Amino acid sequence: MTQPARAPLAGMRVVDLCRLLPGDFATWVLADLGAEVVKVEDTGAGDYMRWMPPMAGHSSVMFGALNRGKRSLRLDLKRPEGRDAFLRLADGADVVVESFRPGVMDRLGVGFEVLSARNPGLVYCAITGYGQDGPYAQRAGHDLDYISLAGLQGITGTAAGELAIPGFQVADLGGGGMNGALSVLAALLARERDPARRGAYLDVSMFDAVSAFVAVHALRDLAGGEPSGPSAMHLNGGNPCYHLYRAGDGRWMALAALEPKFWRAFCDLVDRPDLVERQFDPEAVADTAAVIAGRTRAEWLALVGDRDVCLEPVNSLAEAMADPHAAARGLWRETADGIPRPAPMVRLGEGADPRVAKLGEDSRAVLAELGYTDAEIEALVAAGVTGEL
């Protein structure tokens, strides 16, 4: 596969004011695409995710996964000196990404109106739970709240009707992180095509995004289709062809034979022609479960081989990382500290430098680039406005 000679976002500066998963994920993608990401952290503990165990050196393993290649600048934005330094930084930036509640940046004096007046080409991305307006705009929340209100949690669970929290933060990583990165890229492209090179304000709501994710199911329900609910729908376990089953050793197997040809191939494999016409019969789930329970996971893997029946094992995270296909695709990269890091999601180059910056490690260097003298930097450090932890 031919790689571009230059990373797509090379030469662009992204200022990252985010904490935890959504914004960190968005700017991780932008860093892997070649942007210089300056992570602005407060003079307290910085990004909370730095301190979530297990630790790997100076930062959390979780933090390292999403913050490689970013520079860390500590600034107290509540102090006039910190605000002034931030304004200088934003003056030369292409993108600012923040994840505060609506109004926080304005109260600090560094909101979109202020920044865009100084830098009209700035793309400003605000990632929030519920968006910049509406009755929930100022509510506190996390992933579980957003997916619950948007309807996703209500259709995720067991056939007995018990709900189960997804093992992946759909709103945080998909709705805030990937959607945030996509929105920024779209805005940068629009700016490149605009003769006036105007920037944009991006209102990225995790609640909105999850609502879009479940739209196809919600509309099918509203149009009088299948009833919604956990393990009751076409794609969440309501039919025998798309279901999770326990093998004979208690390990889980995933059957996703949606197309009739794959379901027929499965029925042929297990010598059950009576099931062919019952592909979308919920009553056939129990019969299919009995078939899967007749062999262990290892026996199923051996029997299926490379046949197109859409039956795969449900891997643990450790098994997924060690999977031969993951290895062949180069999904995990070894680093000098011995901790694997995820490969770039968008494969347009080698991705960001694997270095994970200490809190405030780049403060002096970034301030010097902004025109501060050594004496001015020392004064800011002495006053507690900036520095390295």
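Colleague: On what basis are the values given?

Modeller: This is a predicted model, in which local features need pLDDT of at least 70 and side-chain atom pairs count only at pLDDT 80 or more, while totals for chains, interfaces and linings use all residues. Residues are numbered from 1 along each chain as its sequence is written, and side-chain values use heavy atoms, with hydrogens and water left out.

Colleague: Where is the kink in α7 centred?

Modeller: A bend is the angle between axes fitted to the seven residues ending at a residue and the seven starting there. In α7 a kink of about 30° is centred on Asn-179. Helix α7 covers residues 170–193; helices are DSSP runs of H or I with at least four residues, strands runs of E with at least two, both numbered from the N terminus.

Colleague: At what angle do the axes of α1 and α7 cross?

Modeller: Axes are lines fitted to C-alpha atoms, for helices over the stretch in contact, with angles from 0 to 180 degrees between N-to-C directions. Those of α1 (residues 21–32) and α7 cross at roughly 40° and come within 7 Å. Therefore α1 is oblique to α7, since angles under 35 degrees count as roughly parallel, over 145 as roughly antiparallel, 65 to 115 as roughly perpendicular and the rest as oblique.

Colleague: Is Thr-128 buried or exposed?

Modeller: Buried means under 20% relative accessible area, exposed over 50%, and partly exposed in between (1.4 Å probe, protein chains only). Thr-128, in strand β7 (residues 123–128), is buried because its relative accessibility is 4%. Arg-297, in helix α12 (residues 297–304), is also buried, at 12%.

Conventions
The expected span of a helix is 1.5 Å times one less than its number of residues.
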